[in-house]
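Reader: I would like to learn how to read pockets and helix packing in a model such as this one. Could we go through the features one at a time?

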Amino acid sequence: MSETLSSNPHLAHWQRALRGMSARVKPLPLYRTSGRVVRATGLVIEVVGLQVALGNACRIELPTSRQDAPRFAEAEVVGFAGDRLYLMPLAEITGLMPGARVLPLADEPSNSARRFPLGEALLGRVVDGNGTPLDGKGPLTDVPRAALATPPLNPLSRAPIEEQIDVGIRAINALLSVGRGQRMGLFAGSGVGKSVLLGMMARYTRADVIVVGLIGERGREVQDFIDNILGDEGLRRAVVVAAPADTSPLQRLQGASYATRLAEGFRDEGRNVLLIMDSLTRFAMAQREIALAVGEPPATKGYPPSVFAKLPNLVERAGNAHRGGGSITAFYTVLTEGDDQQDPIADSARAILDGHIVLSRTLAEAGHYPAIDIEASISRAMTAIVDDKQLRHAQQFKSLFSRYQRNHDLISVGAYHPGHDPQLDEAVRRHPQLEGFLQQRIEENSSVENARQALSHVLGDTP
């Protein structure tokens, strides 16, 4: 019989096809489990009849006409109670019916964690929180994929922050020096130049790869950031993950995790990554929406406890890898509602980050850009990455600037008389140079060396 088949090319072809089909069918399960929808309220869909792990994905079957192909909506398990699963869809669902069938995303519930595209192929691309391209440059096929969850790094194996990174902003390079692998917060209200400052950092920071997470911001700002801030040259070495305000809270939460996972992938390849996330507050708000929807009680100003657990989990994934490995230098924007620096999210972020840069509305309204409030800002790693001379100059600059600010009202009304306080006299004399040092045009790039020289020049290189 085998001789007959081998002598007949047509039969041999079908034999090979059957063997290939058998190999593909053999690993499939003999049956497929499914559940059904029993309740849908607000953002949450309740399902019975399934056992799927928290954080894994499912597909919900939606009604179609007889001639149409089956239609599905993806959702993620965000909680459970007894035999009921709480699912949240990744996008708005239309046409959901009671009793709709729900299937795990993969054949085995243990393998139903969603996997996202990673790696070199994403450079120059703009994707959404699912890893789906938004830029019209074609699908991301044949690229490595991985789940979002990664094991935490051993804190003792991380390389210390020892090297200053050039961010191109004179005030930051000289007075709030940032180290490679540091996590900094950019605290600002609305309309004080936060996005412009982020754009300057994205253009001027020396990094192998830039990962930008635009989380919960206006959709218009996505295109504006790509065209007017990153530009063609910046985009070539960048990946942009966009989850605007009109996406589901799950997409916004997932977008922040995906941007961090992309940065981790490049860091594990030994690259120095700049991670820009705008904003950490929108990430916290998305988690609040999800937690309240599944019944978690609010705690601090309407934020459930899980919000304050999620923030360090996200932020701690950035930073340095082992010695000789890559790094993730991260800038997270934090929105201070009503310019309240004691907002619970701002307060929590300040505690877990390696420093914070505060933008002042008063300075912005006076046309002072970047509107960095030097007195309220600090870099916790600065003492480890700059020499004694720069540290001494930075302290002297802040001392003179602060003394002038404390006496500003007296100076404005003419109650200040020189000769009574030598330090105040010097602060008043140098104030125009101090203020000029802090201001910088958008198109101006100030390197670390230029910033140090300018600082020495402003202070007259005094001991």
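This is a predicted model: local features need pLDDT of at least 70, side-chain atom pairs count only at pLDDT 80 or more; totals for chains, interfaces and linings use all residues.

Reader: How is the chain as a whole divided into domains?

Author: Besides domain 1 (35-104) and domain 2 (115-386), the division includes domain 3 (390-459). The C-alpha centres of domain 1 and domain 3 lie 60 Å apart.

Reader: What volume does the largest pocket have, and which residues are the closest to its centre?

Author: The volume of the largest pocket is about 1100 Å³. It is lined by 37 residues, of which Leu148, Ala149, Ser257, Lys310 and Arg317 are the closest to its centre.

Reader: Which helices and strands supply at least two residues each of that lining, and how does the lining divide by residue class?

Author: At least two residues each are supplied by strand E4 (71-81), helix H6 (249-268), helix H7 (280-293) and helix H8 (305-315). The largest share of the lining comes from H6, with 7 residues. By class, the lining of the largest pocket divides into 20 nonpolar, 7 polar and 10 charged residues.

Reader: How much space lies in the second largest pocket, and what lines it?

Author: The second largest pocket holds about 330 Å³ of space. Among the 19 residues that line this second pocket, Gly191, Lys194, Ser195, Arg218 and Glu221 are the closest to its centre. Helices H4 and H5 each supply at least two residues of its lining, and the residues of that lining divide into 5 nonpolar, 7 polar and 7 charged.

Reader: Turning to helix packing, how should I read the arrangement of H4 and H5, and at what angle do their axes cross?

Author: For a pair of helices, one reads the approach of the axes together with their crossing angle. The axes of helix H4 (residues 194-204) and helix H5 (residues 219-236) come within 9 Å and cross at roughly 5°. Because angles under 35 degrees count as roughly parallel, H4 is roughly parallel to H5.

Reader: Which residues make the contact between these two helices, and into which classes do they divide?

Author: On the H4 side the contact is made by Ser195, Gly199, Ala202 and Arg203, and on the H5 side by Asn228, Ile229 and Leu230. The residues of this contact divide into 3 nonpolar, 3 polar and 1 charged.

Definitions and conventions:
Residues are numbered from 1 along each chain as its sequence is written. Side-chain values use heavy atoms; hydrogens and water are left out. Domain bounds come from an automatic or database domain assignment. Axes are lines fitted to C-alpha atoms, for helices over the stretch in contact, and angles run from 0 to 180 degrees between N-to-C directions. Helices (H or I, at least four residues) and strands (E, at least two) are DSSP runs, numbered from the N terminus. Angles under 35 degrees count as roughly parallel, over 145 as roughly antiparallel, 65 to 115 as roughly perpendicular and the rest as oblique. Contact means heavy atoms within 4.5 Å. Ala, Val, Leu, Ile, Met, Phe, Trp, Tyr, Cys and Pro count as nonpolar, Asp, Glu, Lys and Arg as charged, and the others, Gly among them, as polar. On a 1 Å grid over the protein atoms alone, a cavity is a set of points where a 1.4 Å probe fits but cannot get out, and a pocket is an open set with protein on both sides within 12 Å along at least five of seven lines; lining residues have an atom within 4 Å of a point. Grid points are joined across faces, edges and corners, and a volume is the space filled by probe spheres set on the points.
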